[in-house]
Amino acid sequence: MEHKNIVATIYIKDGMAVKSPTELDDKSDVLELASVYDDSGIDKIICYDLSTDDEEHEKNILAIREINRNIQVKTAGGGNIKRLEDVKKLLYAGCVEVILNGSKPETIDLIKEASARFGAEKMLVSLATVDFLFKTKDFLADNVHELLIMDTSLLEGLENITNIPYIVQVDEYDFDYILGILKSEQIRGISGQFLNNTAFDAMRMKSELSDQGIKMDNFEAKLEWSDLKPNSDGLIPTVVQDFQTGEVLMVAYMNEESLNATIRTGKMTYFSRSRQSLWVKGETSGHFQYVKSLTADCDFDTILAKVSQVGVACHTGAPSCFFNEIVKKEYIERNPLKVFEDVYAVIEDRKKNPKEGSYTNYLFDKGIDKILKKVGEEATEIVIAAKNPESEETKYEISDFLYHMMVLMVEKGVTWEDVTSELAQR
């Protein structure tokens, strides 16, 4: 059985997140909001484009693209879809599914066209009435992946009309009601305004649903506390690492209770030796650590936690607790991403702080046409070098090309994170 989905919705107006289609003044950054959902246990995000003209439509598509470049959670795109090109834009922006509005007459033809072009597994239809189901009963099941039911009053008898799975929009949080409807095999999940509230603890709800036998996508421990080897105080040291950069952020301690709380809530929870009590990292500062993985070492007496860190890890305000240098031996950095980031940082610094005689500043001074000319020349040099049997010249020319490409990246404001995020979603 597939796990049930907890679905949040981001309404996008003029490139910003708004509270709802009728509350447009309460604006926030779409990427910040998506990142909170990404960390807090949400399984899918619906991105609704509320644009009223083509210019705003393009801005909102770019906002959705940025969301998909920077988060792990899958997204579905909807809103202002009038033609096949709009479906394509949302899919190319990284959405895994597109939601078509079942209340629009043109949707019937668009479903057939979009499904034939992109596949039924990418098509969803939102419904506020059952009329659409009767009109499309002969072909809908072969052309859509899921339904989004916007009114819970439709649930009664809906399974007698269609066997297409659906997500239900639930207006208010009522655990017993949610538990009841999720027992239906045809219901794949829930959405609703209460899930859009970033203060709502989705992980806790998922754990409580799991306790009641509902299959949810939350943490399931492969090791028990009894498998581990705590120290004489009943504690296990925990090394905390940023899941993206690999930077070591801090070291703390866990006991059995804090480990279970961490697994249950998805937030790093430790045991304070000084206070002799549990503490949730970020509970007072807001600098939460959301769990990505927990791994025991070979002796089962230390835990490595990879986390998404909100804000900074150290109480001093430093990003990491490890900044007091004792000794250091100079070495050549060979980690590919670190090398790229270091060279990029030097090029970026040259642009901000020009240095006399710098070739990099010469390129920036000459402008984009000169930079593009050099990128083209270096690409050609790679082709020529690659025709030779030896690889040394090819490595040299690729290095030249990558340098000039990074100059172009800095000029255009494109970072390595932008590039790797784009590659990751292909």
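Being three residues apart in helix H2 (residues 54-70), Glu 66 and Arg 69 are separated by about one helical turn, and the two form a salt bridge whose closest N and O atoms are 3.2 Å apart. Please keep in mind that this is a predicted model, in which local features need pLDDT of at least 70, side-chain atom pairs count only at pLDDT 80 or more, and totals for chains, interfaces and linings use all residues. Residues are numbered from 1 along each chain as its sequence is written, and side-chain values use heavy atoms, with hydrogens and water left out.

**Overall build**

- The protein has 14 helices and 16 strands; helices (H or I, at least four residues) and strands (E, at least two) are DSSP runs, numbered from the N terminus.
- Its C-alpha trace spans about 75 × 65 × 50 Å along the principal axes.
- Of the 426 residues, 44% count as buried. Here buried means under 20% relative accessible area, exposed means over 50%, and partly exposed lies in between (1.4 Å probe, protein chains only).

**Salt bridges**

- Side chains of opposite charge can pair when their charged atoms come close.
- The structure holds 21 salt bridges, each being a side-chain nitrogen of Lys or Arg within 4 Å of a carboxyl oxygen of Asp or Glu.
- Glu 66, from the pair that opened this briefing, is partly exposed, with a relative accessible area of 30%.
- Glu 146 pairs with Arg 188, and their closest N and O atoms are 3.1 Å apart.
- Asp 211 pairs with Arg 264, with the closest N and O atoms 2.7 Å apart. This pair links distant parts of the chain, since Asp 211 is in helix H8 and Arg 264 is in helix H9 (residues 256-265), 53 residues apart.
- Arg 264 counts as partly exposed, at 32% relative accessibility.

**Cavities and a pocket**

- Rolling a probe the size of a water molecule over the atoms shows where empty space is left.
- On a 1 Å grid over the protein atoms alone, a cavity is a set of points where a 1.4 Å probe fits but cannot get out, while a pocket is an open set with protein on both sides within 12 Å along at least five of seven lines; lining residues have an atom within 4 Å of a point. Grid points are joined across faces, edges and corners, and a volume is the space filled by probe spheres set on the points.
- A search of the whole structure finds three cavities of 30 Å³ or more, and the largest cavity holds about 40 Å³ of space.
- The residues lining the largest cavity include Val 36, Tyr 37, Ile 42, Leu 195 and Phe 200. By class, this lining has six nonpolar, three polar and no charged residues, where Ala, Val, Leu, Ile, Met, Phe, Trp, Tyr, Cys and Pro count as nonpolar, Asp, Glu, Lys and Arg as charged, and the others, Gly among them, as polar.
- The second largest pocket has about 650 Å³ of space. Of its 26 lining residues, His 3, Asn 5, Ile 42, Asp 43 and Asp 217 lie nearest its centre.
- Helix H1 (30-39), helix H8 (202-211) and strand E15 (289-296) are the elements that give two or more residues to the lining of this second largest pocket. E15 provides the largest share, three residues.
- The lining of the second largest pocket has seven nonpolar, seven polar and twelve charged residues.

**A nonpolar surface patch**

- Val 248, Val 251 and Phe 322 make a nonpolar surface patch of about 260 Å². Patches are made of residues with over 30% relative accessible area and no salt bridge; like charges are joined within 9 Å, and nonpolar side chains (Val, Leu, Ile, Met, Phe, Trp, Tyr) within 5 Å. Accessible areas come from the Shrake-Rupley method with a 1.4 Å probe, and for residues only the protein chains shown count as cover.
- Phe 322 is found in the loop between strand E16 (303-309) and helix H10 (336-352), where it is exposed with a relative accessible area of 54%.

**Positive phi angles**

- Most residues other than glycine have a negative phi.
- Asn 80 has a positive phi near 55°. Asn 80 sits in the loop between strand E5 (74-78) and helix H3 (84-92) and counts as buried at 16% relative accessibility.
- Gln 276 has a positive phi of about 55°. Gln 276 lies in the loop between strand E13 (269-272) and strand E14 (277-280) and is exposed, with a relative accessible area of 55%.
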